[in-house]
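Please look at the strands and the aromatic rings in the structure shown below. The report that follows goes through them in turn.

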Amino acid sequence: MKKTLTRHIPYLVPALLLAMGGVSSCNKSTTTSDDEVTVTISNVAVKSFSLSSDSKVMSNLDSVFFSIDLNNGVIFNADSLPKGTNISKLVPVITFSSSVSEAEIVMTGGTEDEKKVDYLENPSDSIDFTRDVKLNVTAADGTNKYTYRLKVNVHNLDSDSLIWDKLGVASLPSRLPDPVNQKSLERDGVVYSLIHEKDDTYTWASTSSISDADWVKRETTFRFEPDVRSLVSTKGGFWILGMDGDLYESSDAETWNHTGEKWITLIGAYMDDYVLGVKDAEGTMMHCHYPATSAIADSEMDEEFPLYNRSMFRTIETQWSGDPTAFFVGGMTATGERSNHTWAFDGSNWATIDDTPTPAIEGASLFKYIVYRSTSNSFKQVAYDAWIVIGGVLANGDYNRDIYISFDNGVTWRAASGALAMPDSFPGVSGGDAIVLYTSLDADLSDAWKSVPTKGLPTRAGISYTLDGYDITWECPYIYMMGGMLRTGDLYASVWRGVLARLTFTPII
């Protein structure tokens, strides 16, 4: 008698879709001998799989999403549970698409003997998912049988930790050892560094592939002594102050033209069209800009406004305002006081915008990144844009080792969790430059299941991905911390690369 194995749905079937619409597809048959039986997957299909609520294990454990791969016989959670989750005593909740006569869970491996649980008789028995777990299902007719592997995945590291890979540490792109000072910035995906070398020459370096440290370097000369840390860019070129306060501009960072302006400080670029600064107008400190525009009038500077050692000047664009807002954190006033405020410019006026400020700090690094937060009714994490402050010198002279984070564009700052802290091996620095750039990562999904994007399934917010058969590619944002001054007054001539751990995980599709 000829027997045929029939499997329905030869691709990934999420538990959610099975619960909504059941199982349907064309049959697939194979003949291996004259003594086979016909096995129809729909008769032994798992309709849904979840875990019973257990707050001692994890909040919202029963909301963990499990996928059911009928073709390969695997039931698993693509979004792994947090590191350290105890999965040795979990109670599964299983439903079937039709009546079954047997549902036996078998645990093997480890130091214990094989253990079997009759799920139909004892559905509340706990299962040790640290072992190899299989579910043997027999259809109501007692003939059709199928085996599933049950996998509860747990992350091996804290998914919300910042990883600062020592293998990612590189040197600043100087031409000579022991550079004196540097300023690095990014424009249109290209990173530029101006480096003051130990022999008082200067290096201009650029790269469109910072992850490969593939720098183009050249010696550059100035007709004046540049204030290296004042370097900023707009879409039209680069701007820098001389040590005497003269403002220069350049389209190529090679030929510098004097603008006729003399400023105390160069704050940064606004709307990519002009630069903002402060000048001394006959003894009165005035906010100013260049090139001049009638839309902005010079205004007197508040005495608490930080003149020196501010963070980088960053731009916020929201749907609620016509012109963007640009802001910085901390700095030092003309009287030598370290500031704890976030100062912002809205196109017309300067003001502090913080309700809950950072500590008083100078030389901090400020950058925008993706941070995940738990939802109120699920263990799942939701991606948010956040502003992050790293490094700098505090009011008592200590170097800041904490990370401060704001989810509301600099209004409220709070110390981040320990998982986001800088590693002990990273030295305390002031005036480092933080640059965030995306790098393509890829993975092969063929070892588990074939990926078919389906509308309505959960995805990882904030990260885009593409699929090509079994291959998935996604864009991962890496943080590059460049330079900074050490307590000794020497330049820390290294580049560190960091990333939020979960952003390196294969996206859930």
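Two strands pair if DSSP finds at least two bridges between them. In this predicted model, Ser193 stands opposite Ala205 in strand 17.

**Strand 17 and its neighbours**

Strand 16 (residues 190-196) and strand 17 run antiparallel and are joined by six bridges. Five residues lie between the strands in this hairpin, and Asp200 takes a positive phi near 70° there. Strand 17 is also joined to strand 18 (residues 216-220), by five bridges, and these two run antiparallel. The bridge partner of Ala205 in strand 18 is Lys217.

Is strand 17 (residues 202-207) mostly covered or mostly open? Strand 17 is mostly covered, since six of its six residues are buried. Tyr202, Trp204 and Ser206 point one way from strand 17, while Thr203, Ala205 and Thr207 point the other way, and all are buried.

**Aromatic rings**

How many aromatic pairs does the structure hold? The structure holds 24 aromatic pairs. A pair of aromatic rings is described by the distance of the centres and the angle of the planes. Two of the pairs are set out here.

| Pair | Distance of centres | Angle of planes | Kind |
|---|---|---|---|
| Phe345 and Trp350 | 5.2 Å | 40° | tilted |
| Phe426 and Trp496 | 5.1 Å | 85° | edge-to-face |

Planes over 60 degrees apart count as edge-to-face, so the pair of Phe426 and Trp496, with planes at 85°, is edge-to-face. Phe426 lies in the loop between strand 36 (414-415) and strand 37 (433-444), and Trp496 in strand 40 (residues 494-500), so the pair ties together parts that are 70 residues apart in sequence. Both Phe426 and Trp496 are buried.

**Charges over rings**

Elsewhere, the charged end of Arg497 sits over the ring of Tyr478, 5.1 Å from its centre.

**Cysteines**

A disulfide is a covalent bond between the sulfur atoms of two cysteines. How many disulfides are counted here? The count comes to zero disulfides, where a pair of cysteine sulfur atoms has to lie within 2.5 Å. Cys288 counts as buried at 4% relative accessibility, and Cys476 counts as buried at 0%.

Note on methods
Residues numbered from 1 in each chain as written. Predicted model: local features only at pLDDT ≥ 70, side-chain atom pairs only at ≥ 80, totals over all residues. Heavy atoms only, no water. Phe/Tyr/Trp six-rings, centres within 6.5 Å; stacked < 30°, edge-to-face > 60°. Helix = DSSP H or I, 4+ residues; strand = E, 2+ residues; numbered from the N terminus. Buried < 20%, exposed > 50% of the residue type's maximum accessible area, 1.4 Å probe, protein only. Lys NZ or Arg CZ within 6 Å of the ring centre and 35° of its normal.
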